[in-house]
Amino acid sequence: MEPREKLTVLELNCERVQHMVWLGEVSPHLDTIRVANERTAPLRKTNKVTLINDVPLESSDTLGRTTKNLRDLGSHLMGIKSSTSVGGKATVVTEPGGLLDVNATLTGLLQGMREFATEGGLRKKIRDDHLAFPRAATINKWSGRYTVSKHRDCILKPLVETPQTCQVITSRRLQGMTEELSDQSVLIVAICTAIWADQSKHALRVAERTHAELLKKHMRPDMEPSEFPFRFVNVEMTEAGALVSDTKYVNLLAKEHQITALPWCLMFFRGQRVHSAKMGGFCERLRYPSLARPRVLLLEPQAAHQLESESAVKRCGLSLDLALSSADAHMLAGRTTPPYGIVMASSECGTDALVGLIDRCRRRNSECLFFLLHHPHKVEETPALRKLALDKDLCNQVITRPVRKARLELVINRYESTKLNYPEAGLTADDFVALVSQRYGDRGATRA
């Protein structure tokens, strides 16, 4: 920079060629440039191009490329009018004194640029310059709910909440309530819950839906609320003491009614307990093939037929229990849970033993099927056996030996009870309505 002339000097060295340029002056090689703005004329012209050594003829192309690049640089500098900084603000480049001020141009381009050493530092500076809106609410760590703190305009809860039809009481209040209603025909349904019990919310939903169904069924327009024969309450047992304890932290209600788990259902009628049992959890389908089809009781006294019949039953996808005698079959039929759905017995066991086995199984499961396994050439066909085989109420099908999978499967698929039917576990509102109605009906019939 020369103070007297106030001009910027650029020195370009390329392939033994030194070219010095004063910005604001026009060299002889740039005579074709015409200044659009009359304020910049007249411009002084000087020739400051010198050669370090004699330029050989081969470097003429290099000199031409250098001249072209300098011409492009000059045109770009003359065309700069405005630029946008990093911060997003438009900076106008002026031309003081009628000449293009390169310092002002570079200063405008560098406005808003942030100096940083690391990427994390740059992110922090940008984050500080662009502050986010503060959170309008706070999070309650204990309940997990998103609650409003200052801004009341935030709608974070549903406009309509489900009405609570089960009154929340303590275990001591339950005892007093049973004594107060001991002279009235009111069934008290107490749902014992706790915060730490997983199925407590489901039990309360089932109880509330049951209460609504009973209201539609028993409540009349001319009836007073006190005349409703059912009273649903929710006994909160979170801090009532331990369920299984004999120390100072004993739960008196749990000890008196032998409550071992929560949620638990207690029913009282005229001061007496009429029901005490654990409430089921969420209703879900049990995807177990062994529970989806009925279990088979196979009675085979002969060892030669046991492997054959057992293999055919297993290949049909049925689970079975093998009994070697009539006494074993009677014992299994009386204690196995769930009860057998199919009984397959050999004709060699005798008519009386088979009739008694059928009667025992159908007392527990009225839809139990009975298949008689018979070998026409080895077992004598007696009148009693023939009568049993022809009785459609006792014998569903006679299967001749040898027992094969294709033949047995063809017989089993004829009946609806043998098809795949996955059972459901848990407690539904319909089941609970039936249970409460049954308990109230039994007490009402006893009172009458």
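Predicted model: local features only at pLDDT ≥ 70, side-chain atom pairs only at ≥ 80, totals over all residues.

Modeller: The chain holds 13 helices and 19 strands, and 33% of its 448 residues count as buried.

Biologist: What share of the contacts between residues at least 6 apart in sequence joins residues at least 24 apart?

Modeller: The share is 66%.

Biologist: Why is α9 called roughly parallel to α10?

Modeller: The axes of helix α9 (residues 326-335) and helix α10 (residues 351-364) cross at roughly 10°. Angles under 35 degrees count as roughly parallel, and therefore α9 is described as roughly parallel to α10. The two axes come within 9 Å.

Biologist: Which residues make that contact, and how do they divide by class?

Modeller: On the α9 side they are S326, A329, H330, A333, G334 and R335. On the α10 side they are A353, G356, L357, R360, C361 and R364. By class, the contact of α9 with α10 has 5 nonpolar, 4 polar and 3 charged residues.

Biologist: What makes α10 roughly parallel to α11?

Modeller: The axes of α10 and α11 cross at roughly 25° and come within 10 Å. The cut-off is again under 35 degrees, so α10 counts as roughly parallel to α11. T351, L354, V355 and I358 of α10 meet A384, L385 and L388 of α11. By class, this contact of α10 with α11 has 6 nonpolar residues, 1 polar residue and no charged residues.

Biologist: How do you know whether V379 is buried or exposed?

Modeller: The relative accessibility of V379 is 13%. Buried means under 20%, so V379 counts as buried. V379 is found in the loop between β17 (369-374) and α11 (383-390).

Biologist: Which residues does V379 touch, not counting those up to four places away in sequence?

Modeller: V379 touches S347, E348 and H374. The C-alpha atoms of V379 and S346 are separated by 9.9 Å, and these two residues are 33 apart along the chain.

Biologist: Why does A303 count as exposed?

Modeller: A303, which is found in helix α8 (residues 303-315), has a relative accessible area of 57%. Exposed means over 50%, and A303 is therefore classed as exposed. A303 and L324 are 21 residues apart in sequence, with 8.7 Å from C-alpha to C-alpha.

Biologist: What is the phi of Q258, and why does Q258 count as exposed?

Modeller: Q258 is not a glycine, yet has a positive phi of about 60°. Most residues other than glycine have a negative phi. The place of Q258 is in the loop between α6 and β11. With 62% relative accessibility set against the cut-off of over 50%, Q258 counts as exposed.

Biologist: Why is R270 called partly exposed?

Modeller: The relative accessible area of R270 is 34%. Buried is under 20% and exposed is over 50%, with partly exposed in between, so R270 is partly exposed. R270 also has a positive phi, about 55°, although it is not a glycine. R270 lies in the loop between β11 and β12 (272-278).

Biologist: What is omega for the peptide bond from L262 to P263, and for the one that joins T337 and P338?

Modeller: From L262 to P263 omega is near 0°, and the bond is cis. Between T337 and P338 omega is about -5°, and that bond is also cis. Most peptide bonds are trans. P263 is placed in the loop between α6 and β11 (264-269), whereas P338 is found in the loop between α9 and β16 (342-346).

Biologist: Which residues lie nearest the centre of the second largest pocket?

Modeller: S171, R172, Q175, L252 and L253 lie nearest its centre, and the lining has 19 residues. The elements that give two or more residues to this lining are α4 (171-180) and α6 (252-257). α4 gives the most, with 5 residues. The lining of the second largest pocket divides into 7 nonpolar, 8 polar and 4 charged residues, and about 430 Å³ of space lies in the pocket.

Methods
Residues numbered from 1 in each chain as written. Heavy atoms only, no water. Axes fitted to C-alpha atoms, helices over the stretch in contact; angles between N-to-C directions. Helix = DSSP H or I, 4+ residues; strand = E, 2+ residues; numbered from the N terminus. Parallel < 35°, antiparallel > 145°, perpendicular 65-115°, else oblique. Contact = heavy atoms within 4.5 Å. Nonpolar A, V, L, I, M, F, W, Y, C, P; charged D, E, K, R; others polar. 1 Å grid on protein atoms, 1.4 Å probe; cavity = no way out; pocket = protein on both sides within 12 Å on 5 of 7 lines; lining within 4 Å. Points joined across faces, edges and corners; volume = space filled by probe spheres on them. Buried < 20%, exposed > 50% of the residue type's maximum accessible area, 1.4 Å probe, protein only.
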